[in-house]
Amino acid sequence: MRLIRGLTNLKALSQRPDSPLAAGCVATIGNFDGVHRGHQTIIRQVRDKASELGLPSVVMVFEPQPREYFQGAEAPPRLMPFRQKAEALAREGVDYILCLRFDGQFRQYSGMGFIEDILIDGLGVRHLVVGDDFRFGCDRAGDFRLLKQVGEKVGYSVENTETVLDGEERVSSTRVRACLAENQLEQAERLLGHRYAIEGRVVYGRQLGRQLDAPTVNLLLPHRPPLRGVYVVGVTLVDGRVRYGAANIGVRPTVDGKRPSLEVHLFDFDETVYGQRLKVEFLHPLRDEVAFDSLDALKAQIGRDFEAARAWLADSV
């Protein structure tokens, strides 16, 4: 998989005679937050058509996501940071990820401007897979119908995305977020096709956990997470080993936390992992994140959390 950042880099690559994109591509467009089962089906559509045409597959995404640009702090929480999303798309067999910056300049694109400048001149798209409710352009005049009309004139085809249902409801990032917000981890796992996890790099914290007899591995979160509270977790280390523990995800209200963070205490673990990328899977909810009157009260609750986590692990893992 190759990551292309920005339209300038895309055009520089696609205009090279020896570029795999010189003959065009099969593409899809979206947020792909979570890379859930619905997304996986769309990517299979793209891969299958790309294989049929002998062309590379491309997934186009935006940073920040459009709703984050327009809604700011009121935007839905992210299921995964960009790097984790890119790695998940790569595992699905995507040849290229095109990441375009969604900013004040980009939002000025008209529907036709987007088609001409990005899809035709940039990607040379030969086949496009998008939902029939897909809208784009500053005037929101860009839609599935316009894509098909232009495609019939210039020579690319457009295909509607296949819908994946869970029961009678469509699998979507919105549904995954709702399940996680309600601590319905098994339902979220069913929609995602895997346990919900957050990946990130270990950073230095305030060392407060050591004062509470609960040293933690700390991961800073670049976006507001869909979970908040204390959980039993499984952590995959860089060498593939899995260790278990308890984690707090949120803003740490007892110690005046402001920025979202993920703090993990690993049971029976005494190794230095600063700077390493870890994968934290959420296995079971223990309690909500709350503010305590004192550090002593927090310390006592942490002890109870650890007991509950060990008991759950003893019965379930």
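The crossing of helices α7 and α8 is left-handed, a term used when the near helix is turned anticlockwise from the far one by less than a right angle, with right-handed used for clockwise. Helices (H or I, at least four residues) and strands (E, at least two) are DSSP runs numbered from the N terminus. The model is predicted, so local features need pLDDT of at least 70 and side-chain atom pairs count only at pLDDT 80 or more, while totals for chains, interfaces and linings use all residues. Residues are numbered from 1 along each chain as its sequence is written, and side-chain values use heavy atoms, with hydrogens and water left out.

The axes of α7 and α8 (residues 185-192) come within 8 Å and cross at roughly 160°. Axes here are lines fitted to C-alpha atoms, for helices over the stretch in contact, and angles run from 0 to 180 degrees between N-to-C directions. The angle makes α7 roughly antiparallel to α8; the classes are roughly parallel under 35 degrees, roughly antiparallel over 145, roughly perpendicular from 65 to 115, and oblique for the rest. On the α7 side the contact (heavy atoms within 4.5 Å) involves R175, V176, C179 and L180, which meet L185, Q187, A188, L191 and L192 in α8. By class, this contact has seven nonpolar, one polar and one charged residues. Ala, Val, Leu, Ile, Met, Phe, Trp, Tyr, Cys and Pro count as nonpolar, Asp, Glu, Lys and Arg as charged, and the others, Gly among them, as polar.

The contact of α1 with α5 has four nonpolar, two polar and three charged residues.

Next come the empty spaces. Rolling a probe the size of a water molecule over the atoms shows where empty space is left. On a 1 Å grid over the protein atoms alone, a cavity is a set of points where a 1.4 Å probe fits but cannot get out, a pocket is an open set with protein on both sides within 12 Å along at least five of seven lines, and lining residues have an atom within 4 Å of a point. Grid points are joined across faces, edges and corners, and a volume is the space filled by probe spheres set on the points.

The largest pocket has a volume of about 1400 Å³. Its lining has 43 residues, of which I29, G30, N31, D133 and F134 lie nearest the centre. At least two lining residues each come from β2 (25-29), α2 (37-53), α3 (66-71), β5 (125-130) and α7 (173-181). The largest share, four residues, is from α3. The lining divides into 18 nonpolar, 15 polar and 10 charged residues.

A search of the whole structure finds two cavities of 30 Å³ or more.

Two backbone details remain. V35, in the loop between β2 and α2, has phi near 45°, a positive value in a residue other than glycine. A cis peptide bond joins E63 and P64, with omega about -5°; P64 is in the loop between β3 (57-63) and α3.
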